[in-house]
Amino acid sequence: MSTMGNPTNVFWHECAVGKAERQKLINQQGCVVWITGLSGSGKSTLACSLDRELHSRGKLSYVLDGDNVRHGLNKNLGFSAEDRTENIRRVGEVATLFADAGLICIASLISPYRKDRDACRAMLTDANFIEAMLLSELFSVNSVCVLLGKEAIHIIYLQVFMNMTLEVCEERDPKGLYKLARAGKIKGFTGIDDPYEPPLNCEINIEQKDGVCPTPSEMAGQVVSCLDENGFLHACN
Amino acid sequence: MAAAAKFSLIFTSSPGLDHVDPSPTKLGFANFREMSVSCQRNITSALKNLAPIKAMEASRTPPYKVDVEVKPNGRAVTNDSDGSILHETSTNGRRSTNIMWHKCSVEKIDRQELLQQKGCVIWITGLSGSGKSTVACALTQALHARGKLTYILDGDNVRHGLNCDLTFKAEDRAENIRRIGEVAKLFADAGLICIASAISPYREDRDACRSILPDGDFIEVFMDVPLCVCEARDPKGLYKLARAGKIKGFTGIDDPYEAPLNSEIVLHQEGEDCPPPDAMADKVISYLEAKGYLQA
């Protein structure tokens, strides 16, 4: 790990209570579920639904929402490319801490650049990184859901072959941002005048079936099954 | 006193989970029968805080059923369809909590219930070598032994990850503390007892962290150890380097440490006899216990 601070002043402190002890205490294994996708693609909806589903099973999870984090930790960042990168980096670091603490940390951010998401994946040494991508009507991606060995899990994406890209997200436009972007009142808005780079390999793929979007609980169920199959919902033996 | 009553409300959409049409074409009604006027008024006013109930012709979502029980004392209790209690409100005219017919997200109170503790931030401040990390570890061990979930944000450790882009200049120290404070706040919101251990030399920065947390949830622990004692320990050899001029702006030598004026806990050491770490941890635990943080 590189440090721009003075490395001679900074030491690593170990403690007797570590990750293994914490996961035994709460009977689960910490990990990061990273939900990526366009604005309006349903990231927060899934994050919320997943959080509830996990809680109902007695599991401790926590949602890091791009919008919430930008009001606190990342309130000194804007939307330039560098700041987006820093935003993702910081969330990745915090999610890593949460995973280390034993929580199932659900990070829900547009996170449009592949390089930044990949950097987050590399942060988690156990490769307990689940990236979920929500992708609405923008890309046709061959749906290979790569997963589930001892490696981490990935993106939920909604796969649609349509000529009208962005349509569903833009039609929803839950925060009115597409309208503003189209009117030129927001610059550099992902999907309009800033790129979204879809993941090349994801662990979980969520997509429309016959033009119908899965319900929040169906989507959450898919992620929970994945977590369960990979053993995150109980402590390591 | 309201008469006891039980009834069910069925909603065809779940506000908050699915996309809520901000201008619904149809609105549903909740019909209260055999309920006291004050109870009706209370529930109706609480409903105003919710998204409108949209009657959908072809809803993809299953009906959402909420059972409401009005107890003889006038308290209305709502249960989720899986039986968990959503919320309770009193009917004494003051709305102490809102009735939430549907909870979109898991709240801090739910996580605290799960963990059987209350989230908070224990902020340990003091000179280098004053024993912050030592106390943090002892505290974590003691809390873990009691079945409590904690996490340490050690200033040094965080500078390897989240804060690896920061130096020790004054503005970077401030940013270091700000970020640790914000992360600690997230951990506390998650229900954990988060132990932040950092020199955090500037009063303004520590107070800024205090201000972002709910009252009482920021518990400042001051390691009140004289500079000469810290320097005599010099566990990392940093005072020696600082005295030799090889480190500039080292707290206590050529950068100030502003002692707290109103810490919740002071761990004091006069001379060379250091209280054992367990004893210091116990003092913090007694405080947590007295303030109710070791239960939901």
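What is the relative accessibility of Arg210(B), and does the residue count as buried, partly exposed or exposed?

Analyst: This is a predicted model, in which local features need pLDDT of at least 70 and side-chain atom pairs count only at pLDDT 80 or more, while totals for chains, interfaces and linings use all residues. Residues are numbered from 1 along each chain as its sequence is written, chains are lettered from A and ligands numbered from 1 in the order in which they are written, and side-chain values use heavy atoms, with hydrogens and water left out.

Arg210(B) has a relative accessibility of 23% and counts as partly exposed; with a 1.4 Å probe and protein chains only, buried means under 20% relative accessible area, exposed over 50%, and partly exposed in between. Glu264(B), with a relative accessible area of 28%, is also partly exposed. A salt bridge, 2.8 Å from N to O, joins the side chains of Arg210(B) and Glu264(B). Arg210(B) belongs to helix α6 (residues 203-211) of chain B, whereas Glu264(B) sits in the loop between α8 (238-243) and β9 (265-268) of chain B, so the pair ties together parts that are 54 residues apart in sequence. Elsewhere, salt bridges with shared partners join Glu86(A), Arg89(A), Arg90(A), Glu93(A), Asp165(B), Glu175(B), Arg178(B) and Arg179(B) into one network.

Two terms need their limits. A salt bridge is a side-chain nitrogen of Lys or Arg within 4 Å of a carboxyl oxygen of Asp or Glu. Helices (H or I, at least four residues) and strands (E, at least two) are DSSP runs, numbered from the N terminus. Side chains of opposite charge can pair when their charged atoms come close.

Further pairs may be set beside this one, for the structure holds 24 salt bridges over all chains. In chain A, Arg182(A) forms a salt bridge with Glu170(A), whose closest N and O atoms are 2.7 Å apart. Arg182(A) lies in helix α7 (residues 177-182) of chain A and Glu170(A) in helix α6 (residues 167-172) of chain A, so this pair ties together parts that are 12 residues apart in sequence. Arg182(A) is exposed, at a relative accessible area of 52%, while Glu170(A) is partly exposed at 22%.

In chain B, Arg111(B) and Asp189(B) also meet through their side chains in a salt bridge, at 3.5 Å from N to O. Helix α2 (residues 108-115) of chain B carries Arg111(B) and helix α5 (residues 170-189) of chain B carries Asp189(B), so the pair ties together parts that are 78 residues apart in sequence. Here Arg111(B) is buried, with a relative accessible area of 4%, and Asp189(B) is partly exposed at 29%.

The two chains are themselves linked by charge. Chain B and chain A have 3 salt bridges between them; Arg89(A) and Asp165(B) meet in a salt bridge of 3.5 Å, N to O. On the side of chain B that touches chain A, the elements giving two or more residues are α2, α3 (132-145), β6 (150-154), α4 (155-158) and α5 of chain B. Of these, α5(B) gives the most, with 8 residues. By class, that side of chain B has 22 nonpolar, 13 polar and 17 charged residues, where Ala, Val, Leu, Ile, Met, Phe, Trp, Tyr, Cys and Pro count as nonpolar, Asp, Glu, Lys and Arg as charged, and the others, Gly among them, as polar. The contact, meaning heavy atoms within 4.5 Å, takes 52 residues from chain B and 51 residues from chain A.

Where pLDDT is low, the predicted coordinates should not be read in detail. The model scores ipTM 0.81 and pTM 0.74.
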